[in-house]
Amino acid sequence: MQFSVLGSLEVVDRGVVAPLKGTKQRAVLGYLLLHANEVVATSRLLRALWPDDVPSTARKMVQNAVSGLRTVLASNSDAAHTPLLLTHAPGYVLRVEPERIDLSRFESLAQAGRVALTEGRSDQAAQALREALALWRGPVLADLVETGVNWPELAKLHDMRVSVMEDYFDVELARGRHPDVLGELEPLFEAEPHRERLCRQLMTALYRCGRHVDALQVYRRTRTALVDGLGLEPGRELQELERAILDHDTALQLPSTASVTPLVLPEPAAPPRTLVSLPTSRPKVVSLRQESEPNAAALVVEPCAERKLVSVMAVAPRQPTGKDPEDVDQTFLDISVTVRAEVEHAGGTVIGAVGSVLLAVFGVPRTHEDDAARAVRTALTIRDRLVGQDPAAPSGADLRIAIATGEVLAKFRPGEAAPMVAGAVVDSCVLMTTVVRCGPVWVCDTTRQASAPLIVYSTTSEVPAVWKAEAVREKPVIGIGRHTTVPFLDRERDLELLRGTLAQVRRRQRPQLLTVLGEAGIGKTRLLTEFSEGTADARMITARVPYFGDDITSRTLTELTRACVGIEHGDSATVAETKLNRLAHKLFGTGDLGARTVAGLLPLTGFPARPWHLVDSAETFAALRRLLEELAADEPLVTVVEDLHRADDELLEFVAGLSDGVGPVPLLVVASARPELLEQRQGWHGGARNVTTMTLDPLSEHAVGELLDSMLDDGTAHGGWSAQHRRALVGRVGGNPLFAIEYARMIRVGRSRDDLLPPNQVRSVVAARLDTLSVAEKAVVQDAAVFGETVTASAIAAVGGHDEIEGVVQCLEQLERREVLRRVRVGGIGGEQGYVFCQALVRDTAYAQLPRVARAEKHRNAAAWLDGVAAEDLLGDDLRELHHRHVAAGLGAPRAPVTAIVSAPVPEWSRIRIPS
């Protein structure tokens, strides 16, 4: 289904125009398409449809139009990509893929053309701009304009079209095609005589066609229009062009092909929102998220079944006895549309329904370390949406929503988007909806523990071991930063580096960007907390990039701005604006600069007057940079941005620009991130003058042991803390303090040493890291986990049944770059290069994800391969023992990875154990 607004409004499904009934229905659809994927308040929609006098029946007319449009959209022949017209308090949102709207395609092509033009690729620029302009069939929503519609958006889009036409004329003039564009330039100039850029283009084309007098007449006409209509003289560039024509300046002649240089575009009148332009000395930001895929593609692996820790959400509407079945079906469909939209938006998957109970799962197909929090936050959003103000919305008071977290077997079936999920946690979640009351969001204790840093809960005596989710925390507490009672160990050098950098910034009076890199749980937040608490001679402001959702940039910068201004939770919009005005008056005075700063920062106070994508981000970024600069000039300022690896390109550009986009002031920008930032953003950490990167290494074994001792020092809470158990756990956590803390907490609650799974948070963090790998890379990791301590490409190819050994080699090299595996100098079988896991938890988590049947088959493959190695007399004593283990494992389903013989075997209690 395709939507066309660049001309008369049309909805086309596979070549057939869908019928739209009535002017109001067309107007509602047209307005929502102009604001696609954006919540449009009902009051705003009413003002657009009835700008002068809103009739008393207006809301009902809008509801009828929406109902009719939903029927039209539901007839889409492509069920997998059906547009959704959703009720979303305080109005509606039309969820549709951007490429299905001609306006979105126009904007994308225009942007591609501009990029090509600035890079000097004139042929590609011309093609993209030509394709963009070809989408226009007339004025925007021409049929509605005939009925009197005169929305401001229409004028903006008209200006955008003219701006793109000017870009296209620049390209064609640079390519020497002035005779071809003259026929388009002249009528456009007749309609737009005030546009100086268009005038310059027409004058240039006429001059190159030998019509010198006509070119000068065009200038005089524009000058007359500007002087008489606006009281303005033409700009300097236009005046210089007139003088060059009078002088027959040779510079006006078309340059030769060899000397054509990239054109620099002037700012268009109404450009689509783009990244703010910054000096070139900042770190260059280039997305490399998919760069490794071509290499990994040499190994073709189909996803299959996998064991996963997930959060299951059940939404059960309560239907009154005796209700008409068609009404029951309609209510269920309305609720399911909302549930599916919100679940998929948060990265979850709707897996089906049991009767009238909708089931969704978070953690399939990809694990996120905050899956439990995503599920609860999504459930709260669904509840709030379904109790919106629209009378047509189904009542949320008749809903039971429950969430349970546990392990499932997910089977990925070819050609189907939703996997089949099996596990007792699914049944438990459905059962929970039968014992709780309607209204709140209910969660099991496992879900509460996993999401408590992000969600506020209250206890209830209604149902044992069930908690009620109240709200999303205003200030989330993430990672080991919340464990401030445990000792701060082995980070003295890192802390001194932070303090030394701040001292250097203060002494040199120059901004500095310092990126703190480290894996999840390594202690970035705790380090920055200690740095903040120990710094008394500088002001500290902090913002955290949110885990997921829309408008990542605006939400992060809003938190930063509110901290700068002193806006507190609970302040009204009036109080926030008053505080902003007071600070701007103090820093900038009462002049124009202060007013522009206030205007630019208002969208970041937490009370935006319009959606972020309609905000002039360049002006807002400039205002925030000015604010940070003036605050730093007043006193040394440390700006902390945490979890920068989750940032989008827009936010990365802003943060990168702070190192050289402000004046000579003592401003230290500290950004914490995981190593994925360097994989996804090439060049972030090097090349610029004021940019530094530090990487947090794992804690030493001595520090980990001391950390564990501090939490397990009473001996009674954990059934005895023997030296053997201590050594095993110290080696197991791999120097990660969060893992050590979570293990210690689990041991303290009395978990048996003989049945000790890793804590759920540890499993989620490691599984989320594994799910960032490609399918082929993850398969290689799982095969390596099955084989043993030291693996080779040939061994992995045999275990996994891979024909392309070269593809396995490429995957191993990529996994080494990602620090999942590391090379060993000796130990490879048959002289091949050997690899070992960098962290035992990664190996064991990958192994635990394999179903028992798959594990047994892979162990048999390993044993058969080792038989072949033995036939060549390459099998030492240790490999013979490994062979025996694989033979035994192939007869059943082992509950722990098979590892090579070592002098001090890891005790059985410390292994990942999957109940059989």
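## Two aspartates with positive phi

Aspartate 490 sits in the loop that runs between β15 (466-472) and α17 (492-508). This is a predicted model, and in it the backbone at aspartate 490 has a positive phi of about 60 degrees, although the residue is not a glycine. That's worth a flag, as most residues other than glycine have a negative phi. Aspartate 490 has a relative accessibility of 33%, so it counts as partly exposed.

Aspartate 643 is another case: not a glycine, yet with a positive phi of about 60 degrees. You'll find aspartate 643 in the loop between β18 (637-642) and α23 (649-657). Is aspartate 643 buried or exposed? Its relative accessible area is 7%, and because buried means under 20%, aspartate 643 is buried.

## A cis peptide bond

Next up is the bond that joins valine 364 to proline 365. That peptide bond is cis, and its omega is near 0 degrees. For context, most peptide bonds are trans. Proline 365 belongs to the loop between β10 (357-362) and α14 (371-385).

## A three-stranded open sheet

Now for some strands. β4, β6 and β5 form an open sheet, in the order β4-β6-β5, with antiparallel pairing. Why is one side of β4 and of β5 left without a neighbour in the sheet? Both β4 (40-41) and β5 (84-88) stand at the edges and have a single partner strand each, so one side of each has no neighbour there.

Zooming in on one pairing, β4 and β6 (residues 91-95) run antiparallel to each other and pair over two bridges. Alanine 41 has glycine 91 in β6 as its bridge partner. Helix α3 (residues 58-74) packs on this sheet and touches β5 and β6. The direction of α3 makes about 145 degrees with that of β5.

## Helices α30 and α31

Two packed helices are described by the angle between their axes and the distance between the axes. Here are both values for this pair: the axes of α30 (residues 793-800) and α31 (residues 805-817) come within 9 Å and cross at roughly 115 degrees. The crossing of α30 past α31 is right-handed.

Which residues of α30 and α31 make the contact? From α30 come Ala793, Ser794, Ile796 and Ala797, while α31 brings Ile805, Val808, Val809 and Leu812. Sorted by class, the contact has seven nonpolar residues, one polar residue and no charged ones.

Notes: Residues are numbered from 1 along each chain as its sequence is written. This is a predicted model: local features need pLDDT of at least 70, side-chain atom pairs count only at pLDDT 80 or more; totals for chains, interfaces and linings use all residues. Side-chain values use heavy atoms; hydrogens and water are left out. Two strands pair if DSSP finds at least two bridges between them. Helices (H or I, at least four residues) and strands (E, at least two) are DSSP runs, numbered from the N terminus. Contact means heavy atoms within 4.5 Å. Axes are lines fitted to C-alpha atoms, for helices over the stretch in contact, and angles run from 0 to 180 degrees between N-to-C directions. Buried means under 20% relative accessible area, exposed over 50%, partly exposed in between (1.4 Å probe, protein chains only). A crossing is left-handed if the near helix is turned anticlockwise from the far one by less than a right angle, and right-handed if clockwise. Ala, Val, Leu, Ile, Met, Phe, Trp, Tyr, Cys and Pro count as nonpolar, Asp, Glu, Lys and Arg as charged, and the others, Gly among them, as polar.
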